[in-house]
Amino acid sequence: MLNQKLIDREFGYIGDHVYLNHSLVGMPPERVKDACRTFMDDYVATYNDSIKTDLLAKRKQAKKNIADLIHAYPDEIIFEKNVTESLSTFAMGYSELKPGTNAIIVDSDFPNTIFPWINAHKQRGFDLNVYKTTRGQIITEDIIALMNENTKVLALSMVQSGWGYLADLKALGHACRERGIAFVVDGFQGIGRLSIDVSECCIDYLVCGGFKALMGTWGAAFIYCNPAIIKKIFPPTVGYQSAKSHILAPGVTTDFDEIDFLDDVRRLEAGSQCTYAIHSISKGVELLLELGMDNVEKHVLDLDRYLRQKLNTLPLDVVTPQDPARLSGVIAILFPKELTDKAKEIFQRRKIHLTLRAGYIRVTIAVINTREHMDAFFEAMQELCAPQTEKE
């Protein structure tokens, strides 16, 4: 059971607003806001005498927190600026992808999950095998049926951004492991709201940004990489952090033929790190660990089922997976496009924050939400549907 007093203390500033837009941007807890406010003061407090050790300590703690969250080890975690670059690093650098091989991707994934693969396919000459979905449904058996002897990668999202479908990562991961296929997962829409175990799911490469359910800010994303495949990734971006040794003044570099890359995932971590953003992620994950991810996931899915049951009484097209185990706390709703302006007015008046497009609503449930929030959203939808209800 969630510690509601802790949640109230961390998110009391939200007041009477109903925030259901965590798939776009998460709301930060007080501890993240405080960490961001004081970061620069701490940064200059010793006139940079201790800055290197302080920043390294913050990054080390962040790796530990994230490793605990996803059931990995800290030395399997690094940071990039965002999910797009994190996926591009793998798509451009994985040595098993070459002409005559293929990577499986999903057509309904978010563009930033798809585009790195299209770009790498054009530049490196491997094929794309596209799994075509219906309303974002990812049928495990159908994806497995696409795999062949030339498949080297399966890349997809943990949760479909637009439709809320939770992929069966465990079944897909085991199928990949049995066939020697690298399993690449974008966890941005799921991690922080749902539990994940990278070992149990046989995930080889997992990426996630910090500003959604991890409740951090922009500028950093984490990468988990299975140590068994790290030497198969040739870093497309390289800095001295990627190498075992480097020369500093007054010495000069003399070997221009080869870089002696690190043997672990740090070989992919080139350039300065946005420790400000990394620290904010760490503090958000810290709260999730205090609450317990099993508690968080149960809370999210209980509210998902509760809200769906109420919405099913209205004349709406609520996108629901056939398998109840594939619910994710993301609910997509289709409604008549001509009611879009009315919906916008209703949500603004009622202080409800969500994703609204023409004929499309997406609500995303996270740790801060309550049954009262679900009831408030349902009442808004009742108001939106009132004319149709009266005609029936």
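Lysine 351 is partly exposed, at 33% relative accessibility; here buried means under 20% relative accessible area, exposed means over 50%, and partly exposed lies in between, with a 1.4 Å probe and protein chains only. The model is predicted, so local features need pLDDT of at least 70 and side-chain atom pairs count only at pLDDT 80 or more, while totals for chains, interfaces and linings use all residues. Residues are numbered from 1 along each chain as its sequence is written, and side-chain values use heavy atoms, with hydrogens and water left out.

The side chain of lysine 351 forms a salt bridge with that of aspartate 16, at 3.0 Å from N to O. A salt bridge is a side-chain nitrogen of Lys or Arg within 4 Å of a carboxyl oxygen of Asp or Glu. This pair links distant parts of the chain, 335 residues apart. Lysine 351 sits in the loop between helix H10 (340-349) and strand E11 (352-353), and aspartate 16 in the loop between helix H1 (4-11) and strand E1 (18-19). Helices (H or I, at least four residues) and strands (E, at least two) are DSSP runs, numbered from the N terminus.

The whole structure holds 27 salt bridges. Another of them pairs the side chains of arginine 179 and glutamate 178, at 3.7 Å from N to O. Arginine 179 is partly exposed, with a relative accessible area of 42%, and glutamate 178 is exposed, at 64%.

Arginine 308 and aspartate 304 also meet through their side chains in a salt bridge, at 2.5 Å from N to O. Both belong to helix H9 (residues 293-311), and because they are four residues apart there, about one helical turn separates them. Arginine 308 is buried, with a relative accessible area of 6%, and aspartate 304 is buried at 0%. Elsewhere, salt bridges that share partners join Glu10, Arg31, Lys283, Glu286 and Glu290 into one network.

The backbone has some features to check as well. The peptide bond from alanine 249 to proline 250 is cis, with omega near 15°. Proline 250 lies in the loop between strand E8 (221-225) and helix H8 (275-291).

Arginine 135, a residue other than glycine, has a positive phi, near 55°. Arginine 135 is in the loop between strand E4 (127-131) and helix H6 (140-146), and is partly exposed, with a relative accessible area of 33%. Methionine 215 also has a positive phi, near 65°. Its loop runs between strand E7 (205-209) and E8, and methionine 215 is buried, with a relative accessible area of 4%.

Methionine 215 is also one of the residues that line the largest cavity. On a 1 Å grid over the protein atoms alone, a cavity is a set of points where a 1.4 Å probe fits but cannot get out, and lining residues have an atom within 4 Å of a point. The search of the whole structure finds one cavity of 30 Å³ or more. The largest cavity has a volume of about 60 Å³, where volume is the space filled by probe spheres set on the points, and grid points are joined across faces, edges and corners.

Besides Met215, the lining includes His22, Gly26, Met27, Gly192, Lys212, Ala213, Ala366, Val367 and Ile368. By class, the lining has six nonpolar, three polar and one charged residues. Ala, Val, Leu, Ile, Met, Phe, Trp, Tyr, Cys and Pro count as nonpolar, Asp, Glu, Lys and Arg as charged, and the others, Gly among them, as polar.

Methods:
On a 1 Å grid over the protein atoms alone, a cavity is a set of points where a 1.4 Å probe fits but cannot get out, and a pocket is an open set with protein on both sides within 12 Å along at least five of seven lines; lining residues have an atom within 4 Å of a point.
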